Amino acid sequence: MKDGKINVHYVTRVEGHGNIVVDLKEGAVKELFWEIPEAPRFFEAMVRGRSYADAPHITSRICGICSIGHTIASLQGIEAALGVQPSEQTVLLRKLILHAETVQSHTLHVFYLAAPDFLGVNSVIPLATTHKEPLLKAIRLHRLANEWSDLLGGRTTHPINMVVNGWTRLPTPDELRALRQHITEAIPDLEAWVGIFKTLDIPDFERETEYLALQRDDEYAFYDGAIASTDGGTTPVPQYREKIHEFVVPYSTAKHTNAARESFMVGALARFNNNYQKLSPLARWAAEEMGLKPVCYNPFMNNVAQLVEVAHCLEDGVRIINELLAMGLKEEDRSIEIKGGTGPSTAPSTAPSTSLRAGLRTGVGATEVPRGLLIHEYTVDDSGTITGANFIIPTNMNHNNIERDLKALVPTVVDKSQEDITLALEMLVRAYDPCISCSTHLLNVEFV
Amino acid sequence: MMKPRIAIFDFGCCEGCQLQIVNLEEEILDLVGLVDVVSWREATTGHSDDYDIAIVEGSITREAEMERLKGIRQNAKILVALGACAHIGGVNCLKNFFEMDEVLKYVYGQDAKHFDTIPARPLSAVVPVDYAVPGCPIDRKEFVEVVKALLLGKKPPIPNYPVCVECRAKGNVCVFDKGMTCLGPVTRAGCGAICPTYGNKCEGCRGLVDDPNLDSHKEVLQEHGLTVEQILNSFRMFDGYMEVAK
């Protein structure tokens with residue numbers, strides 16, 4: 001197909017609404033837009049006037065899939081603003097539940113939403129007859145992740161138990177041992193899927209770009225760290241505005257983002273590319289088996305990187321449980337004192353908080369959710385009331401990169417039928433696992 | 001007999017309630033055997049406007065969505081509101097307590113003029129709704145019960161008694177006795193009092209029971225030291241639309 005328009009209205013099997021619009025002339029891309037028609041929900045405006053304690057429960061509702069990650073970023077931001085240092089036990093449990101979300105979200109995406117493309121069907125439902133055994137293994141892994149979130153958070157989505165400076169319910173040692181057992185039993189299911197992915201035909205497409213992810217010296221960073229780039233250097237989280245720039249493009253109302261280059265990517269592939277050395281042995285084995293090496297510039301390999309991270313989270317989950325059992329869990333005092341009138345505690349140097357009046361303080365939280373770096377920033381007053389907020393969502397950071405990838409992909413598939421071009425474009429978007437419901441600061445594209 | 005045709009749609013929300021349907025795992029395959037899912041963008045490719053039951057998640061937050069919802073209502077014999085956003089407005093209505101222009105400017109700054117938004121509202125503010133699956137998120141088991149009832153042509157079994165009933169049955173220490181405040185006395189049960197059971201308070205995500213004694217509950221909250229502003233705030237988390245609609 002050399003001339004004509006492709007209009008994919010609502011890419012299916014993604015979380016939220018996105019459209020792809022392409023105008024081809026003589027085999028060249030005349031215009032291409034990755035359009036986001038999702039309704040914005042204005043969470044940053046909504047949390048104003050609420051108590052600091054409400055923030056994690058409200059912002060969890062930004063996203064059904066990343067509700068644990070939003071809760072954690074929110075807790076971190078609030079705790080930073082209030083000068084609260086959560087205990088080692090609290091942090092370890094948060095790391096453990098964040099792994100549950102990563103496994104839950106990655107398995108949902110890789111097995112239920114992306115795998116149908118690679119296996120030539122239109123949804124996961126036909127796999128029940130064509131690929132019954134692998135599907136049952138996928139379901140077991142997904143269910144394990146849900147049980148894992150249920151145990152720690154109280155339920156799968158919108159966790160109840162995580163609050164500022166602690167947990168309202170701790171798992172018992174027996175529950176942790178049972179979870180450890182279930183995780184260990186799930187590893188062969190994961191290994192079987194690595195065997196399947198090894199044989200799949202992943203599109204061969206590369207476009208060099210920058211990858212951003214949190215980084216730590218002592219572990220493969222999910223919970224916290226500094227913002228690292230494959231182009232070199234790290235940025236402390238409170239200074240995130242110095243690294244990540246939002247800007248408006250001429251043809252669009254959209255806020256796009258960039259860092260060192262024209263666009264960047266966050267998510268599983270970005271973490272893998274930055275932090276490969278810190279992966280667990282099982283995860284490194286999975287990467288080798290499936291031919292994933294850093295730095296990988298093929299966005300379709302994000303699916304593979306997600307499977308590698310599932311391996312890491314299973315293995316690291318067992319390690320964290322062992323550490324918690326060795327420490328022995330105890331009920332802790334969660335009460336906090338809001339110390340008044342000292343001004344911002346962690347004000348980012350370029351944030352509007354430089355003009356804060358006395359008694360207000362800001363804090364920034366950043367964590368790696370399944371789709372990448374997530375930032376929550378809050379300003380809180382003396383009474384503990386939120387007066388301002390800013391959230392930066394991973395899918396928003398990826399939109400600019402998705403659009404540039406789509407533009408680069410079209411010429412490589414332009415000789416195919418319209419149907420095949422459409423499938424290739426949709427598969428590329430799905431590879432990013434976009435989570436469009438996270439609808440703050442949406443990168444809306446308007447057409448002329 | 002032709003299988004009932006089901007379509008699933010979403011408006012402004014986190015899509016966490018649809019996720020609970022996915023989380024049914026094997027059970028979803030049993031349900032899928034009893035119905036024809038003709039449209040479900042989040043999980044499958046393909047779409048049809050020919051359906052009997054529409055399951056709709058999310059709140060209405062833009063003018064254009066009202067027309068889309070009216071279209072869905074016309075096509076469907078039965079319309080089910082899925083989750084708090086569709087049922088009572090949910091957290092989306094927190095923005096209704098600000099001016100829309102101010103909210104737009106706060107989030108989008110000088111680009112605000114390119115976006116449109118209206119005060120968030122539940123589906124029932126726009127079209128007649130036949131049934132609701134309450135909660136934020138919905139309870140997976142309750143969803144299955146609702147679908148089963150619809151397939152049998154029965155009224156779905158949603159409780160009309162307060163969360164306190166379930167909370168007491170669980171043997172929980174009353175949240176008020178722990179020095180906290182709670183919306184359990186006026187909130188519709190069916191969640192198994194999950195939040196108080198895990199050491200939190202009821203935040204009212206399932207909406208009010210049919211005849212809530214709101215004034216006496218407000219008195220109870222006041223007796224426990226909450227100011228009028230704090231009481232309104234606690235209801236606003238999920239139930240803010242109720243206050244604005246009056």
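**Exercise 1.** State what pLDDT chain A averages, and where it stays under 50.

*Solution.* The pLDDT, the predictor's confidence in each residue from 0 to 100, averages 87 in chain A, and 88% of the residues score at least 70. This is a predicted model, in which local features need pLDDT of at least 70 and side-chain atom pairs count only at pLDDT 80 or more, while totals for chains, interfaces and linings use all residues. Residues are numbered from 1 along each chain as its sequence is written, with chains lettered from A and ligands numbered from 1 in the order in which they are written. The pLDDT stays under 50 over residues 250–254 of chain A. It is also below 50 over residues 340–356 of chain A. Where pLDDT is low, the predicted coordinates should not be read in detail.

**Exercise 2.** Determine how helix 4 and helix 6 of chain A pack.

*Solution.* Helices are DSSP runs (H or I, at least four residues), numbered from the N terminus. Helix 4 (residues 88–118) and helix 6 (residues 132–153) of chain A pack at about 150°, their axes 9 Å apart; axes are lines fitted to C-alpha atoms over the stretch in contact, and angles run from 0 to 180 degrees between N-to-C directions. Helix 4 of chain A is therefore roughly antiparallel (over 145 degrees) to helix 6 of chain A.

**Exercise 3.** State how many residues of chain B are in contact with chain A.

*Solution.* Counting C-beta atoms, placed from the backbone, within 7 Å as contact, 45 residues of chain B touch 48 residues of chain A. Helix 1 of chain B gives the largest share of its side, four residues.

Conventions. Helices (H or I, at least four residues) and strands (E, at least two) are DSSP runs, numbered from the N terminus. Angles under 35 degrees count as roughly parallel, over 145 as roughly antiparallel, 65 to 115 as roughly perpendicular and the rest as oblique. Two residues are in contact if their C-beta atoms, placed from the backbone, lie within 7 Å.
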